[in-house]
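Take a look at the structure below.

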Amino acid sequence: MDKSISHTRLIASLLSATILAGSATTAFAQDATPTVATPANPDQTTAADPQSQTAGAGAGDEVVVTGFRKSYADAIRTKRTEVEITDGISSDGLGRFPDLNVGEALQRVPGVQINREAEGRNATINLRGLPGEYARLTLNGVAFAEPILADAAPLGAFNSDIFSAIRIEKSPMANAQTGGLSGNVDLQIAPALGRKDGGFAKVAYEYNELGKLGAPAGTLGYNYHFSDNFAVFGVLAYKRENFRRDTLQFQSYTALTAAQAQANAALVGAYYPTSAACPSCTGTKSTTGVIYDSQQRQYSRLNKGDLVTGAAGFEFAPTETTTFGVTGFYTNRDQPKTRQFIMIYSPNQNSGITALSAPETLADGRSVINDFSFTNPDTVSSTRLFGQQQKSWGLNANGEWKTDDWRVSSVSTYSKAANRSNETQLDFNTIQRTGGNGVTGTINTGGGNVNDFSLVVTPDPATTTVAPNGWFWGGASDPTSFYDSPTAALRRNRIQFTGTQSYATNKLAATQGDIERFLGDGFLSSIQMGFRYERNKYVSEGYRTSAFGIQTQNIDPNFLIQSPTANDFFQGNGGQTTTNWQVTDVEYAFPKLQPVTVFPGGALSPLGYNIRYNDNGYAQFNFTNQTDIAAIYGQLKYEFELGGIRIRGNGGLRYERAKNKVLALDRVSLTGTIGSPADFVQNTYKQNYNKLLPSFIAVADLTDKLVLRGAAYKTYVRPQPRQFSPVTVAGSPTGGVVTAILGNPTLKPYNAVSLDTSIEWYNRPNGIVSLALFQKRIKGLIGQITDRSQLCPSDGSAFGLGTLTVNGDQCQSSLIFTGGAVPTPFLFVASGVLNQSNPVTVRGAEFNLQQNLDFLPGILKNLGGGFNYAITDISGKGPNGAPATLPGVSKHNLNVIGYYETDDYGLRLVYNYRTSYDLASAGTFTGAARSVRARGQLDLSASYNVTSFFSLSFDAFNLTNALRQEYENQKNLPRRVDYDGRTFAITARATF
């Protein structure tokens, strides 16, 4: 929006002035806690580095830093002493990360980009130019069961108050956890002995402008040392979640038919040749034609629920050489009442279309009408109760014995996670009829400018539960069959009821041991060996449900109400959106539809509705995937001087053997209207693979302030469990559409060989200027199938569809579907993933600058801040020979941070900006991938120390009111606009 852009420019100018004054940042160590968590990995030292504390001061002097400066100093100190290339963030000392969630905080780190298309503030991230599932999530250096469903772990599932720091390991050594091709993201919980005695309590309140929604939160923590060698801690955090997202969806674009072109010949005739169907046309562009927005949606998602997260543990050091302890965590994010309100207007090829402006030519040769009126659209009020739950818990038990000569350590872990997504959908349709259905309207897409958007529809309401000829069921969820009734053409209203239920349980049990022999002052400083055994068991369930057996007699006019989001949609910022928007009152309606009668030979889903066994999702999403991993490693640590320069580093080799077993369903028959469990048989699929993973890291301390690092290593990623689909499964026709999941029984892990280097200048106390370069060459990358011969095979007899041909971006059958308002060809929609044969190379650079200005006189010494910037380049070929692309990855990403801090108060501004990026475009034939526009967001954090034990803080997010906007090929062909609005939070914290 123009207003957002002006705000962005103003803030960018202010921050630029701060940077020019000397403020800057590093790999963003967000306002940290006084103590950085001690990692479980003993090689990840956090020992203080004298240079980073006192460089630039006189001999014997010590520079003491607190607050913001302390957080940045902690991160610089950790980065300085590590062997690997790392970055991280830490808490601000107020028992919080000053961001909405962990993912939002991590976007401050160079090389990290947050995926805002992930709804519900799930906060998945990309790391170093690779999607989130390419990174491994660990807890105190050890893998745990992540609450995954079909994507990467949602970082929004964790309350950040239990974490002391988050460390990103970009160049892992041989002893690191595998599975992170782009790196490991380590969530750190400080151990008990490393914590100071005392406790804290905080209360907070979050206010979301969109919808005027409020949500309280609170955290309580306490640490206690019974003695110098035994301590315990505990922290419990609660947050109410109550927020909303509004979306405009330009769901599909369709070319004018010959009849529609003839009706608009004065404006579009030049794009169609003269023919009997369009005698007024005079053009020659029939191969591209003129397209228009053929399905417009207004969509609101209301997220309601609770997030409860806790951590506790103890640590005991019975002797000076022996320590052992246990750390446990628990998180449960439950949103059972999340709702989706969707109003759909589809002026398609069976509608009357009248262009109100001339077409605009697109770069790909097509043309689009942005402004037109319509009659006889298919109109749908779709309401979905969309319950979500993400849950995880685990225990880590670790012990260590260490002397001057030996170190022996072990870690055992058991964890379990669950992810649930339950969508129950009730649609009221005003369907198209040959003589028209009485609905008319106008649409102006705005041509990419959301402020010019307009949608007007009459009559109001456009959908209703009452109709002159009654209503009827439709679609695959129809227990009757009114499509074949001779009176179907007389009916104006249709009701559809269905649902999608997905469940996943993830269990991980592992044990590992390490032994290290210290060798003194020679070339080799130590020899280290270790082993790890890990079992991952992923159990998936998934169902599509039918309307059969629901209590249809209870449907009444009270089912539909005015959408509660219609009048403040986009807070009035999305042009002229329609208020002609009816939704189902789910709290009133859904209980009236139950209890459900079981379909003969079938069964009810966990929510109590009949399962559609003839849907391809039943076979695809009901399986067990177990992987057992046995690993051994060895590594040498070295240190020597060369020409007065200290050289140190690590070289190692890791060997892993994995045994993978999948229990999956194959369909052997299809019985009845919705099928039955007897239609399937369970088969076992097994595969084994070995991985040899070398790594080498060298660090040169060129001076006491200048450090050069280099790393070469090999990593790999196992397929996400729901990517594995051993057999091709097609569902039964649903409204003239057959969907299929293409089998991939040979799907394998994919590998990368990586090269990293960085130069770091610690120019003054708690300051850094650094540049990191990296390259990852990936083989066997898993990506969406785009080969049209697979997505639309000419012989469709295996799917009961006769001959298949590509028409535009559709795969059409030679057979005709006669169950709708007008006859149309059956459509075949296929999707799937495979290992790509072409390698893909990802290269990038990450620049970090962080300084505080305490050397300046007067009040200027309270200034500080930073700047970090990352550039990512992707090269190679995709499976169809087109240039390779990775979804969700921006080429440019930057953060600008400026702060002013005294002993009593502090103020910080953070501006994040990322350039446009592509989205995955599965199942299309036109190459019309969607992209997301560049976006910038400004956030603010302020704190005030009322007393030495009581403080107040205030945070504001998205002050620029930035939008997330998708487009197809070029910006004036919009596909989606998301609006989240501004969010504010106030927090009070007391220590005791």
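The paragraphs below go through hairpins, a sheet and nonpolar cores.

This is a predicted model, in which local features need pLDDT of at least 70, side-chain atom pairs count only at pLDDT 80 or more, and totals for chains, interfaces and linings use all residues. Residues are numbered from 1 along each chain as its sequence is written, and side-chain values use heavy atoms, with hydrogens and water left out.

Start with strand 9 (residues 198-208) and strand 10 (residues 213-227). They run antiparallel, joined by eleven bridges. Strands here are DSSP runs of E, at least two residues, numbered from the N terminus; two strands pair if DSSP finds at least two bridges between them. G198 faces N223 in strand 10. Four residues lie between the strands of this hairpin, and G211 takes a positive phi near 85°. Strand 10 also pairs with strand 11 (residues 230-255), antiparallel, over ten bridges. H225 stands opposite A231 in strand 11. This hairpin has two residues between its strands.

Strand 32 pairs with strand 33 (residues 737-741) in the antiparallel sense, over two bridges. There, A730 has A740 as its bridge partner.

Now the cores. A nonpolar core is a set of buried Ala, Val, Leu, Ile, Met, Phe, Trp, Tyr and Cys residues joined through side-chain atoms within 4.5 Å. Buried means under 20% relative accessible area (1.4 Å probe, protein chains only). The largest core has 58 residues, and L106 and V185 have the most contacts inside it. Apart from it lies another core of 41 residues, including M343 and L455.

Terms used
Buried < 20%, exposed > 50% of the residue type's maximum accessible area, 1.4 Å probe, protein only.
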